[in-house]
Amino acid sequence: MHLFPWLVSSLLVEIATFFAVPLSNTQTLTSSVFGVGISYKYKAIYMRPFLIIILTWVLSPTIGFILGYLV
């Protein structure tokens, strides 16, 4: 049971790679853990870490583009 999220994450990344879709293990794993937590019980998970992760998913490329433009 503990290997199931890792297995699903790996399979999704492999399938996405086959279709040339960029997808990372951290994105699929975080999303699957978040989805399981929400489907089980909304109050069973702390939202702050997931919001920070989503924020960094948005901010990292944005900051990278800005710094790349300035340099």
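**Figure 1. Overview of the chain.** This is a predicted model, in which local features need pLDDT of at least 70 and side-chain atom pairs count only at pLDDT 80 or more, while totals for chains, interfaces and linings use all residues. Residues are numbered from 1 along each chain as its sequence is written, and side-chain values use heavy atoms, with hydrogens and water left out. The chain has three helices and zero strands, in the order α-α-α from the N terminus; helices (H or I, at least four residues) and strands (E, at least two) are DSSP runs, numbered from the N terminus. The mean pLDDT (the predictor's confidence in each residue, from 0 to 100) is 80, and 89% of residues reach 70 or more. Where pLDDT is low, the predicted coordinates should not be read in detail. Of the 71 residues, 13% count as buried (under 20% relative accessible area; exposed is over 50%, partly exposed in between; 1.4 Å probe, protein chains only).

**Figure 2. The aromatic pair F18 and F19.** Rings of Phe, Tyr and Trp (its six-membered ring) pair if their centres lie within 6.5 Å; planes under 30 degrees apart count as stacked, over 60 as edge-to-face and the rest as tilted. The ring centres of F18 and F19 lie 5.1 Å apart with planes at 80 degrees, so the pair is edge-to-face. F18 counts as exposed at 69% relative accessibility, and F19 counts as exposed at 58%.

Figure 3. T28 belongs to helix 2 and is buried, with a relative accessible area of 10%. Neighbours within four places in sequence aside, T28 is in contact (heavy atoms within 4.5 Å) with S9, L12, V13 and L23. L23 sits in the loop between helix 1 (4–18) and helix 2 and is partly exposed at 34%. With residues up to four places away in sequence not counted, L23 touches L12, V13, A16 and T28. The C-alpha atoms of L23 and V13 are 5.8 Å apart, with the residues 10 apart in sequence.
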